[in-house]
Amino acid sequence: MKNNHVRLNCGIRMPILGFGTFTFQNDMQKTELAIHTALEMGYRHIDTAKVYGSEPAVGNALSEAILDQTVNREDVFVTSKLWGSDHHDPVSALNQTLRNLGMEYLDMYLVHWPVKLKPWACSPIPQEEDFEKYLDIESTWAGMERCLDLGLCRSIGVSNFSSNKIIQLMDFASVPPVVNQVEMHPMWKQSKLRGVCGDYRIHVSAYSPLGGPGNAWGSTAVVDHPVIKSIAFKHRATPAQVALKWGLSKGSSMIVKSFNQNRMRENMEALNLKLDKQDINDIDKLEEWKIMRGEVYVNNTTSPYRTIQHLWDGEI
């Protein structure tokens with residue numbers, strides 16, 4: 001990693017700190033204001049998704065920032081994601097995302113979950129009748145590759161894919177995913193997945209790198225952990241900075257999400273923290289606990305995944 005960027009397997013560079021834009025409230029004004037603040041602080045990777053409902057706010061904020069010359073478009077890395085209801089036509093879905101953003105291209109487009117939903121199922125919490133029984137990731141990925149061929153995005157990747165799903169995808173992918181964006185933090189280390197992705201030169205990007213505190217499904221278990229707190233005290237840092245620096249030390253990029261200015265600055269300053277070998281070893285020994293489990297994608301009748309183990313291929 002050089003200059004706080006990582007070079008992806010397609011050759012393009014991605015900032016190692018991304019600014020997440022998912023909120024349950026989806027307040028457009030607050031989101032726009034937070035993005036302006038993030039850009040002023042030096043964040044250059046903005047992460048959104050169709051299902052977050054934040055694409056228009058991201059587009060407005062970036063358009064204004066480009067217009068007033070805070071940033072140039074080519075200096076900002078913009079990621080969005082294909083929702084389950086759009087697996088049947090990724091090209092149309094990405095065209096709609098670009099209209100939402102008011103942009104000509106995305107820097108990265110990810111398959112949000114390995115779950116295919118009916119075309120009308122746009123809610124983040126699908127109902128039983130919303131599932132398609134078969135995923136057919138091969139045709140979904142062909143659509144993603146088409147997005148790339150058409151110049152609608154500069155790179156394609158996946159999110160929430162287990163080691164096994166990555167291996168299956170690589171059996172037929174003409175273009176390998178550049179990124180697998182997954183939950184990763186000191187209490188969910190993703191060691192096996194990082195190894196498998198490393199074999200294919202797929203970069204692992206961490207969402208909820210602090211365990212998602214502040215989200216309805218999240219937890220403060222990471223930032224409240226006595227080991228993390230004691231390392232933070234030793235370095236005169238915060239627990240959040242320790243958790244982020246641990247993830248960065250593993251070669252992963254971090255998607256952080258806070259609209260609080262102090263926390264935004266605190267997260268950015270994690271880049272300057274230095275952890276020693278003992279700190280890393282102590283964190284590596286922490287108990288494992290996956291917080292974002294994806295139970296909403298599992299059911300006994302219509303989902304292709306009957307159990308949580310099936311969704312994650314035993315990696316839970």
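Reader: What makes the approach of the side chains of T21 and S54 a polar contact?

Author: The two side chains come to 2.8 Å of each other, and a polar contact is a pair of N or O atoms within 3.5 Å, where within protein one atom must be able to donate a hydrogen and the other to accept it, and where residues adjacent in sequence count only if both atoms are side-chain atoms. The side chain of T21 also reaches the backbone oxygen of D47, again at 2.8 Å. This is a predicted model, in which local features need pLDDT of at least 70 and side-chain atom pairs count only at pLDDT 80 or more, while totals for chains, interfaces and linings use all residues. Residues are numbered from 1 along each chain as its sequence is written, and side-chain values use heavy atoms, with hydrogens and water left out.

Reader: Why is T21 called buried?

Author: Buried means under 20% relative accessible area, exposed means over 50% and partly exposed lies in between (1.4 Å probe, protein chains only); T21 has 1%, and is therefore buried. T21 sits in the loop between β3 and α1, helices (H or I, at least four residues) and strands (E, at least two) being DSSP runs numbered from the N terminus. Not counting residues up to four places away in sequence, T21 touches T31, I35, V58 and F259, among others, a contact being heavy atoms within 4.5 Å.

Reader: What makes the buried residues of α5 line one face of the helix?

Author: In α5 (residues 163-170), the buried residues are S163, K165, I166 and L169. Seen down the axis of α5, they fall within an arc of 165°, so they line one face, the arc being that of the directions from the helix axis to the C-beta atoms. What covers them includes α4 (137-149), β7 (156-159), β8 (179-183), α6 (191-199) and α11.

Reader: Why are α8 and α10 called roughly perpendicular?

Author: Their packing angle is about 95°, with the axes 11 Å apart; axes are lines fitted to C-alpha atoms, for helices over the stretch in contact, and angles run from 0 to 180 degrees between N-to-C directions. Angles under 35 degrees count as roughly parallel, over 145 as roughly antiparallel, 65 to 115 as roughly perpendicular and the rest as oblique, and α8 and α10 are therefore roughly perpendicular. At this packing, V242, W246 and S249 in α8 meet I280, I283 and D284 in α10.
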